[in-house]
Amino acid sequence: RWSPLLRPRRRPSRAVVAAMAHDIARLLQRMRASAGDASRLFALVREAEKLQQDDPQTLSDVYGLAVEVYGQPKCAQDFDYRDLCVKRLRALCRLAPNQAREFHNRMRTTPAGRAGARGYE
C-alpha cells in the first residue's frame with residue numbers, strides 16, 4: 001500500500017538550485033569580507049551550515065574558506081580556530097582523505113593545532 005511518508009525525495013528544480021548557488025556565492029563573498037571579525041565569520045559559517053546541510057562538498061569549501069579567512073590562530077588555546085579546523089578536517093575525511101592528511105599535517109604546524117586531541121577524534 002502506498003504511503004505519503006515513503007515518497008521518494010524530490011530533486012529541487014533548476015530555479016531552486018540556481019537560487020541556492022547564488023545565496024552561497026554571496027555568503028562566500030561576505031565571508032571573505034569578514035577577515036579580522038571572528039564573530040561575523042562564525043555567524044556566516046552557521047548560516048552556511050543551515051543553507052547547505054545536505055551538500056558536504058559545499059560545506060567543506062565553506063570551512064576551508066573560513067580557516068583561510070580566519071588567518072593564524074591568536075594563541076595555542078584559540079578554540080574558535082580549532083573548531084573550524086576540526087569541521088574542515090571531518091569534511092575532508094569524508095570527501096578527500098588525501099587532502100585531509102595534508103590539512104592535518106599543516107594544522108599540526110600551528111600551536112593551536114597541536115594543543116588538543118579533537119583533531120584525532
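This briefing describes the nonpolar core and the aromatic pairs of the structure. The model is a predicted one. Its largest nonpolar core holds 26 residues, and the structure has 2 aromatic pairs. Ring pairs join F42, Y70 and Y81 into a cluster.

**The nonpolar core**

- Within the largest nonpolar core, the residues that touch the most other members are M31, L41, L84 and F103.
- Five helices are listed as giving two or more residues to this core: α1 (14-33), α2 (38-51), α3 (56-70), α4 (79-95) and α5 (97-107).
- Helix α3 provides the largest share of this core, with 8 residues.

**Contacts of L41**

- When neighbours within four places in sequence are left aside, L41 is in contact with M31, S34, A66, V69, Y70 and L84.
- Two of these partners, M31 and L84, are also named with L41 among the core residues that touch the most other members.

**Aromatic pairs**

- The structure contains 2 aromatic pairs.
- One of them is formed by Y70 and Y81, whose rings lie 5.7 Å apart from centre to centre, with 35° between the planes, and the pair is tilted.
- This pair links distant parts of the chain, as Y70 belongs to helix α3 and Y81 to helix α4, 11 residues apart.
- Y70 has a relative accessibility of 9% and therefore counts as buried, because buried means under 20% relative accessible area.
- Y81 is likewise buried, with a relative accessible area of 7%.
- F42 belongs with Y70 and Y81 to the cluster linked by ring pairs.

Notes
Residues are numbered from 1 along each chain as its sequence is written. This is a predicted model: local features need pLDDT of at least 70, side-chain atom pairs count only at pLDDT 80 or more; totals for chains, interfaces and linings use all residues. Side-chain values use heavy atoms; hydrogens and water are left out. A nonpolar core is a set of buried Ala, Val, Leu, Ile, Met, Phe, Trp, Tyr and Cys residues joined through side-chain atoms within 4.5 Å. Buried means under 20% relative accessible area, exposed over 50%, partly exposed in between (1.4 Å probe, protein chains only). Helices (H or I, at least four residues) and strands (E, at least two) are DSSP runs, numbered from the N terminus. Contact means heavy atoms within 4.5 Å. Rings of Phe, Tyr and Trp (its six-membered ring) pair if their centres lie within 6.5 Å; planes under 30 degrees apart count as stacked, over 60 as edge-to-face and the rest as tilted.
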